[in-house]
Amino acid sequence: MAASIAGVFENDLQQAINSSKVFVVGAGGIGCEILKNLVMSGFNDIEIIDLDTIDVSNLNRQFLFHKQHVGKSKAEVARESALSFNPTVNIKAYHDSTMSADYGVNFFKRFAVVMNALDNRMARNHVNRMCLAADVPLIESGTAGYEGQVELIKKQLTQCYECLPKAPQKTYPGCTIRNTPSEPIHCIVWSKHLFNQLFGENDPDMDVSPDTADPDAAGDAGMAALKGEANDQGNVTRVTTREWAVKSNYDPEKLFRKLFHDDIKYLLSMGNLWKNRTPPKPLVFGEVPDAVAGCSNETDAVLKDQKIWSVAECVEIFSSSCRNLYSQQQRLDLGDNLVWDKDDKDAMDFVASCANIRAYIFGIPQKSRFDIKSMAGNIIPAIATSNAIVAGLVVLKAFYVLRGQLENCQSVYLRNKPNHKNVQIVPEACLVEPNSKCYVCSPKHEQMGVVNGSILKADDFLQNYELNIVIVQRCLTRDGPLFEIIGSETAKPGSPEKLQPENGQTDDDDDVVHVIDGESTSNATSSIRKRKLET
Ligand SMILES: Nc1ncnc2c1ncn2[C@@H]1O[C@H](COP(=O)(O)OP(=O)(O)OP(=O)(O)O)[C@@H](O)[C@H]1O
Ligand SMILES: [Zn+2]
C-alpha cells in the first residue's frame with residue numbers, strides 16, 4: 001500500500017513533503033507513530049535513530065513491534081515495519097544514541113526538520129542544542145499519561161527546550177533514605193541506590209549505610225552498636241558497601257545479614273531516632289516469616305508481577321537476583337559497571353525484593369513488583385492514544401514548517417480534561433519568544449566571556465578541590481562537539497605553567513575557535529589565552 005498524497009495536499013506542500021529529508025529521534029511510543037504518519041503522508045526520505053532494543057513491555061503500544069521482534073533494534077524494526085506500509089520510501093535507521101559524536105552539527109544540517117520523540121531530558125537538551133547550532137527547526141514532543149505537548153523550537157524565533165528552568169526530579173533527604181524511611185518510595189530509592197553501590201557506578205551521594213551525621217540522631221551515633229552482640233561484626237571501622245560485597249564474594253546471605261540485620265541494629269543504637277518513631281526490626285536470614293513456595297515460577301509472570309511477595313519470597317528473589325547480577329557484572333570488562341534498568345529482570349527483581357524487605361523491617365506497607373517498577377522508573381503509564389494524538393500533531397506541525405508558515409506552529413497541549421471552552425487539545429495563542437537570558441539559545445551569551453582558551457575555575461567546597469578547566473573550541477566546519485575540554489589539572493593560583501593541556505598541545509595546534517554564535521578569531525583568542533595565563 002503506497003501512500004498517495006496527490007489531491008490531498010496543495011501542490012507546494014506535496015512537493016515539499018516529497019523532497020524533504022526529515023529526522024525522527026526515538027522509535028518508542030511517539031516515534032513509531034510519527035514514522036507511520038510520515039510514511040503514510042508521503043515523506044520519501046526519513047532517518048530514524050534509537051539506541052534501544054525492543055522489550056516485551058513495549059508491545060502493547062508500540063505497534064510497529066511484535067513478539068518476534070523482542071530483543072531487536074527498535075530503529076531497524078521500526079524501519080522494516082514502516083516499509084511494509086510503503087516499500088518505496090527511503091528510510092535509514094540508526095541503532096545508536098543520538099548523543100554520539102557521530103551525529104554532529106553537519107549531520108543535523110542535512111534535515112529540513114527534526115522531530116524529537118524521546119523520553120529523557122539529557123537527550124532532549126542535546127538535540128535542542130544540535131538543532132540550534134545547525135539552525136534546523138525542531139519539533140519537540142512528549143506525553144505523560146493522558147497529557148501531552150508539541151512545540152516548535154526554532155533558533156531566534158521561539159523558546160528553546162532549555163529557555164526556562166525545568167522542575168528538578170523529586171529527591172528525598174539522604175537521612176530519610178538511609179535511616180528513617182516512612183513510605184514505600186523511600187525504600188525503593190534506597191534499593192536503587194543499593195543497586196548502584198553494589199553493581200553500578202559508585203556514587204558517594206548514594207550511600208545506603210546508616211547515616212551517623214543525621215541531625216535527628218543528635219550525637220548518639222550508634223555507639224551502642226559498636227559493642228557486643230548488637231553488632232556481631234565488631235564493625236568499628238565501617239567499610240563501604242561495595243568493599244563489603246567484594247570481600248564477601250557477593251554472597252547473598254552475608255549481604256542480607258549486613259543490610260537487613262547489622263545495619264538495622266546499628267540504626268537501632270541511635271536511640272534518638274526512635275523516640276517518636278516505630279523502631280525497625282532486624283531480620284535474620286533463614287528466619288524470615290511467611291515462606292511461600294513457588295515464587296520463582298516463570299510461567300506465572302503476570303501474576304508474580306502484581307501480587308505482593310511474602311518476605312520469604314523476597315529473600316529468595318533477593319538471593320537469586322544478587323547471584324545473577326554478580327555474574328552479569330563479572331562478564332563486564334574491567335572498570336565497567338551495570339546500569340540499572342527497570343526492564344532488566346534481575347535488576348528489577350533486586351530492587352523490588354530489597355525495597356520490600358526494607359519496608360517490612362520498618363513497618364511500611366509492601367508493594368507489588370508491578371507498583372515498584374512504576375515508582376522506581378518514575379513511570380506515569382504510557383497511553384497509546386496520547387502518543388497517537390501527539391504524533392499526529394507533530395506531523396501537522398512539520399507540514400507548517402515545510403510550508404514556511406512558522407507562525408502557525410504555536411505549542412499545542414493535550415489536556416487530561418477539556419478546559420473551560422470544552423477543548424482538550426489546546427493551542428498556545430502565539431509563538432513564545434526566546435528567553436533573552438537563556439544560556440543556550442541567547443545570541444548574547446558570548447558575553448559570558450567563555451572563549452577558546454578560557455580557564456574556568458571550579459572548586460569543591462567540601463573537599464577543597466581546586467580545578468582549572470581549559471576550554472578549547474573546535475573549528476566551525478568540524479562536525480563534532482563545539483566545545484571540548486582538552487585538559488584539566490589542579491593548579492594553585494600563581495602557577496600558570498600548570499595550565500597547559502594534558503596532551504602537551506596548546507590550542508594553537510588545533511583548529512581554533514568557535515563558540516556558538518561567538519565572534520572570536522584565532523588572534524583574539526590566543527591573546528585572551530595569554531592574558532589569562534599571565535594572571
Ligand atoms: N540518547 C538517545 N538516543 C536515541 N534514542 C533514545 C535516546 N534516549 C532515549 N531514546 C529512545 O527514545 C524512546 C522514547 O520512547 P518511549 O518514551 O516510548 O520509551 P520506551 O522505553 O519505549 O517506553 P517506556 O519507557 O514507557 O518503557 C525510547 O525508545 C528510547 O530508547
Ligand atoms: Zn533557550
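Residues count from 1 along each chain as its sequence is written, while chains are lettered from A and ligands numbered from 1 in the order in which they are written. In this predicted model, local features need pLDDT of at least 70, side-chain atom pairs count only at pLDDT 80 or more, and totals for chains, interfaces and linings use all residues, with side-chain values based on heavy atoms and hydrogens and water left out.

Let's start with the helices (DSSP runs of H or I, at least four residues, numbered from the N terminus). The expected span is 1.5 Å times one less than the number of residues.

| Helix | Residues | Expected span | End-to-end C-alpha distance |
|---|---|---|---|
| α14 | 384-403 | 28 Å | 29 Å |

At the start of α3, a side-chain oxygen of S73 comes to within 3.4 Å of the backbone nitrogen of A75. Buried residues (under 20% relative accessible area, 1.4 Å probe, protein chains only) in α3 include V77, A78 and S81. The buried residues of α3 pack against α2, β2 and β3. Over in α14, the buried set includes N387, K397 and F399, and just after that helix G404 has a positive phi of about 80 degrees.

Now for D346, which sits in helix α12. What is the nearest side chain of opposite charge to D346? That is K345, 4.6 Å away, and D346 is buried with no salt bridge (a Lys or Arg side-chain nitrogen within 4 Å of an Asp or Glu carboxyl oxygen). The side chain of D346 does make polar contacts with those of N324, at 3.0 Å, and Q328, at 3.4 Å. A polar contact here is a pair of N or O atoms within 3.5 Å, one able to donate a hydrogen and the other to accept it.

Key
Helix = DSSP H or I, 4+ residues; strand = E, 2+ residues; numbered from the N terminus. Buried < 20%, exposed > 50% of the residue type's maximum accessible area, 1.4 Å probe, protein only. Lys, Arg positive; Asp, Glu negative; His and termini not counted. Contact = heavy atoms within 4.5 Å.
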